[in-house]
Amino acid sequence: MTTISTILEISDLTKFFGGLGAVRNFDLTLKKGDLNGLIGPNGAGKTTVFNLITGIYEPTAGDIVFNNTSIVGLEPFEITRLGIARTFQNIRLFSNLTVLDNVRIAYHPHTKYGMADGILHNRKFDVHEKELTEKAQDFLAIFGLENLQNEIAKNLPYGQQRRVEIARALACEPRLLLLDEPAAGMNPREILELMDLIHFIHDRFDLTILLIEHQMRVVMGICKYITVMDFGQVIARGTPKEIQENERVIEAYLGKGAGHAA
Ligand SMILES: Nc1ncnc2c1ncn2[C@@H]1O[C@H](COP(=O)(O)OP(=O)(O)OP(=O)(O)O)[C@@H](O)[C@H]1O
């Protein structure tokens, strides 16, 4: 039952790819302000859940209700506009553009000039482009990236690229942020910085965050509540401590040779 504080309610979500049930009867509720984790062995169905929430795939069955509205069947850009943003397992920046342009692009759904203004390059266009640049610069400053604004994205160290990707996702002004393995490929120092960053944006932007992550240090360190999937289904839910002690979870990881579950 949806309550006022519920921001996301997923019920009975199922996705088949041919005969493969990648996600089956998946339920998840997020309350406003939650910072929760979604974990599970490789191929468990976690990214497919994100792809279903963000409209990349349509579910075979089930419902996804965001802020009391079903978002099933909407296009990804419509879902972004409603307030859901994400980052990807493999960073997806415009690698040949500057840091500033990567964030400016994210603001474009909010621009107020039309195509004609853009083609004619008139005053209205110039004023809005200037506003956009200033807004993006202010935004980069929040992330400590202002000195890197003119750097080409692909030339940045991995940890900084991830930071830019998260900044870009937040430039869409989401209420819900989905982070798909944000710590992948990071060194220990970058992981610590990432954990600080996630705490910071959670508070500063009044966000609800759902995080997929294989690095147990990150999941157990920052998530309040964790859902565990295996073979497309939920096998456990609980606090980090409960999950670490859950035999079914330990079995799911150890059974696949991934003994870093606890
Ligand atoms: N577009 C697709 N077509 C066919 N099968 C797919 C597709 N996307 C995902 N799958 C399959 O669905 C299952 C779940 O994949 P998914 O990527 O959601 O798992 P995951 O839990 O995110 O795994 P990982 O932790 O390795 O990223 C896998 O068996 C995968 O091969």
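This report walks through the sheets, helices and ligand shell of a predicted model.

## Ground rules

Since the model is predicted, local features need pLDDT of at least 70 and side-chain atom pairs count only at pLDDT 80 or more, while totals for chains, interfaces and linings use all residues. Residues are numbered from 1 along each chain as its sequence is written.

Helices (H or I, at least four residues) and strands (E, at least two) are DSSP runs, numbered from the N terminus. Two strands count as paired if DSSP finds at least two bridges between them.

## The six-stranded sheet

Let's start with the open sheet: six strands, ordered β6-β7-β8-β3-β9-β10, with mixed pairing. At the edges stand β6 (84-87) and β10 (233-238), each with a single partner strand, so one side of each has no neighbour in the sheet. On average, neighbouring strands here are turned by 20° against each other, direction ignored. Axes are lines fitted to C-alpha atoms (for helices, over the stretch in contact), with angles running from 0 to 180 degrees between N-to-C directions.

Within this sheet, β7 (residues 176-180) and β8 (residues 208-212) run parallel and are joined by five bridges. Aspartate 180 sits opposite isoleucine 212 in β8.

## Helices on the sheet

Helix α1 (residues 46-53) packs on the sheet and touches β3 (35-39), β6, β7, β8 and β9 (225-230). Contact here means that the C-beta atoms of two residues, placed from the backbone, lie within 7 Å. The direction of α1 makes about 145° with that of β7. Then there's helix α6 (residues 158-171), which lies across β6 and β7 and runs at about 170° to β6.

Isoleucine 10 has leucine 28 in β2 as its bridge partner.

## Around the ligand

The ligand's shell is made up of Phe17, Leu20, Ala22, Gly40, Asn42, Gly43, Ala44, Gly45, Lys46, Thr47 and Thr48, each with its C-beta atom, placed from the backbone, within 6 Å of the ligand. Both β2 and α1 supply at least two of the shell residues, and α1 has the largest share, with three.

By class, the shell has four nonpolar, six polar and one charged residues. Nonpolar covers Ala, Val, Leu, Ile, Met, Phe, Trp, Tyr, Cys and Pro; charged covers Asp, Glu, Lys and Arg; the others, Gly among them, count as polar.
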